[in-house]
Amino acid sequence: MPSFNFRARMKALEKEARNDVNLNKFYSLVGKAVSRAPWAGKTYLSSKVPIVQWIGHYSPYWLGNDLLAGITIGILLVPQSLAYAKVANIPPQYGLISSWLPCLFYAIMDVTAGPTAIMGLLTGEIVADLVKDGYSAAVIASTAAFWVGIYSLVLGLLRLGFLLDFIPTPVLSGYVSGAAITILLQQLKGLFGQTKTGSDTAGVIRYFFRLLPQTNWRDFLIGLSGLVIIFGLQFVGRRWGKHYRALWYLSVARNALVLVLFTVISWAVNRHRPSAPLFSISKVTGTGILSPKAPDTDLLTKVAGRSIAVFLAAALEHLAIGKAFGRHHGYVIDQDQELNFIGLVNLFGSFFSCMPITGGFSRTAVNSESGVKSPLSGLATTACVLISIYKLSDAFYWIPSATLSAVIVAAVWQIVLPARVFWAYWKVSFADFFGSMITFWITLFVSVEIGIACGVGYSLVYILLHLAFTKVMLVDNDNLGQLYPSSSRSSEQEGLPDDTMLFMIQDSILYPNAARISRQICDYVYTYTASVHEQSASSSSLDRQATESHQRLWNDTRTHHATRLRREAFPSSSSSDHPPLRILSKVIIDLTRATHIDTTGLQALDDMRSQILDWAGPRVSIRIVGANKRVRGRFERHHRLSRRKHAEEGRGDGDAPLEAGYQVFELLQDALAGRRVAGESGEEGLVVGEENIKGV
C-alpha cells in the first residue's frame, strides 16, 4: 500500500491555491478594497447624504428661488395628497401626514417624493382586503410603507438596482396605462355622487350604468365644474405660461384654486346642516403629526408578500422619473442611490403612519420649471404641509368628494399613454406589443398586483426563451464573404473546402441554450456529411479500423434521425439523387459573438465533439476560432481538469483529446489552413494556453 506523503500533498495544495484563478481574483479584489477603503468610505458617506456636498457652497441669492419653488410645490402637493389618500382607501388627512416627512428628506437627501395615484391604487387594494380582519386602514397603509422601505434598502445597499432593468419599457407602458384607467373608473362614483361601486373593473362599470339614473346632480355639477376649471387653467398655462409668468403660476395652482373655491361653496351651503349635506363631503379631521409607533407584528407577515408589487411600482415610477429628467438635463442617475433614498423615506415614514410614497412626475416637473436652485426648497414645502395639517384641517372638513375626484381624474389622465405608443410597439416588435397588452388587460380587469407580476414574469420568460433559442448559423460559400468581409482574399476566392463545416454561434453558450446549440451543430453534421458506415460503403480507401470501432447498434436511432433530417433538407429529392454527402474532416466553430461560456456550455461542446467523432470518425478535428480571452481561459482550465481526471482514472493523457481536445485559432484563415499552435503538451488538437495564441 503506497505511503501518504503529507508534506508533498500540502505543497501540492499550496501550489494549486497559488494558481487558482478564482482565489487570485478574490485576493486582488480584497487588496483593492483595503487600499481604497479610507477615501471610498468618505465618498460613500457623502454620496448618501448629498447636503454635505452643496450646503457649504450655498449662495444667498438662491434663497428667493428656493422659497418660491417650495411654496409652489406645497400648493400643488396639498390637494394631491388629500386626493391620493382617497385612492388608497384611507382617511384624507393621512395623505397630508404622508407628505411632510418626504419633503423634509428632500432637503437633506436630494430626492423629491410623496403620495402618487398608482401608489394609492396599489395600497388601496391591500387596505380593502385586510381591513376586513379588523385592522385600521391607516395602519395597513403604513405597514405597506415599511416593507417598501425594507425592499428598497435591500436592493439599494446591495447594489442590485440593475435587476429592475429586466422589466422592459413596453411592459411598464401597459402597466401604467392599465393602472391609470383603473383609477379613473374608480372615480366615477365620486363624480356622479353614487353610493355603491364594484370591487373590480367589470364591477365598477356594471354598477356605474346600473346606478346612473340615481346620479346626484349636485355632485355631478361640482365634479364637472372642477374638471372644466382644472383643464382650462392647464390649457392657459401651456398656451401662454412661457410668455406670462403669472399665468404659469395660476396654472400650477389650479388644483389648490379649485379646492379653495368649492370648499368655500360647500361651507356656505352645508355649515348649518353638517349631518345632512346637499352633496358628499370629505369630512377631513385634524390629527396633527402622530407619534411614532412600531408596526404590528402579525400585520407585517400578512402585508409582506403583497407589498412587493407596491415596491416595484414605487421603484419603477421613481426611476422612470429620474431617467426622464436625467435625459432632459444631461445627467445619469445612480439607481442604487435612488433606491436607498426611497427606502429610507418609506421606512421612517411608516413609523409616523405614512402611506407608501415615491417620486411624482408632475411635482418634479413643476419643481424644475419653478427655477429651484437647491433641495433647500423642501423646507418651504414642508412648512406648507405642516400649516395645512395644523391650521387648515377644519376647513378641509368641507371639501366636496366630487372635487377630490376631479383632482384625481385631472392628474391621472395625463399618465394614460396614447394609442400611438402601443401602435409603435406593434410596428417595431410583436413581442413588445404582446407584453404590453398582457400587462395592460390583466392590470385593468384582474388586479394591479397580478398585472405587474405577469408583466415581470413575461419579461423574464422572454429573456430566457430568447437565450434558449439561440441560432447556430451554418456558413457556406454563399454567405462566407458577407459574414467575414475581413477574411483573406484567398479564402473568399477559394471558398470553404468540401471537407469543412463552419458554424457561427449567435450568442453566449450558457445553461439555457447549451444543449440546443450542441444539438443544432450535430443535426447539421448528420444532414450534410457521411457517417463512417456510409464512408466505408462508398470508398474502400478509408480507414477500416475506424469503421470497425463504430459498430452499428440494432436500434440505431441516430441513423433514423439523420434520414429524417435529410428528408426535410431535401424534400424534392429521393435518397438516391440528393446532393452528395461530404466526407468531414474539419468542424470550425466561430465564437466571435459568444462573449461568455459556462460549465454547462463546455460540457455540451464536449458531448457534441464526442458525437461528431463517433459519427464521422476520429480523423475529424474540432477547431475554435474567435474566442475572447475569457472564453479561451475557461477552455484551457476545463481541458487541464479533463486531462487530470483521465490520468487519475488510469486512461492516460492520450485519451484527453477525445473528451476535451480542441484546436484554438485566432483567425479564420488560420483555422481553414490548419496553421495551429501546439499546446502545453506539444500535441496538436489540444486547447492551447492563451499566452501561445497568435496575435495575443
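Which residue's side chain meets that of E449 in a salt bridge? The partner is R306, with 3.1 Å from N to O. The close-ups below start from this pair, and the model they show is a predicted one.

**Close-up A. E449 and R306 meet through their side chains in a salt bridge.** E449 belongs to helix α23, which covers residues 448-468, and R306 sits in the loop between α14 and α15, so this pair ties together parts that are 143 residues apart in sequence. How accessible are the two partners? E449 counts as buried because its relative accessibility is 15%, and buried means under 20%. R306, at 23% relative accessibility, counts as partly exposed.

**Close-up B. R306 also forms a salt bridge with D129.** Here the closest N and O atoms are 2.6 Å apart. The loop that holds R306 runs between α14 (297-304) and α15 (307-329), while D129 lies in helix α6 (residues 117-130), so the pair ties together parts that are 177 residues apart in sequence. D129 has a relative accessible area of 35% and is partly exposed.

Close-up C. For the model as a whole, the count comes to eight salt bridges.

**Close-up D. K586 and D499 make a salt bridge between their side chains.** The N to O distance is 3.4 Å. This pair, too, links distant parts of the chain: K586 is in strand β3 (residues 586-590), and D499 is in the loop between α25 (489-494) and β2 (500-505), 87 residues apart.

**Close-up E. Helix α21 packs with helix α22.** Two packed helices are described by the angle between their axes and the distance between the axes. For α21 (residues 419-428) and α22 (residues 430-445), the angle is about 140° and the axes are 6 Å apart. Which residues make the contact? From α21 come F422, Y425, W426 and V428, and from α22 come F430, D432, F433, S436 and M437. Sorted by class, the contact has seven nonpolar residues, one polar and one charged.

Key:
Residues are numbered from 1 along each chain as its sequence is written. This is a predicted model: local features need pLDDT of at least 70, side-chain atom pairs count only at pLDDT 80 or more; totals for chains, interfaces and linings use all residues. Side-chain values use heavy atoms; hydrogens and water are left out. Axes are lines fitted to C-alpha atoms, for helices over the stretch in contact, and angles run from 0 to 180 degrees between N-to-C directions. Helices (H or I, at least four residues) and strands (E, at least two) are DSSP runs, numbered from the N terminus. Contact means heavy atoms within 4.5 Å. Ala, Val, Leu, Ile, Met, Phe, Trp, Tyr, Cys and Pro count as nonpolar, Asp, Glu, Lys and Arg as charged, and the others, Gly among them, as polar. A salt bridge is a side-chain nitrogen of Lys or Arg within 4 Å of a carboxyl oxygen of Asp or Glu. Buried means under 20% relative accessible area, exposed over 50%, partly exposed in between (1.4 Å probe, protein chains only).
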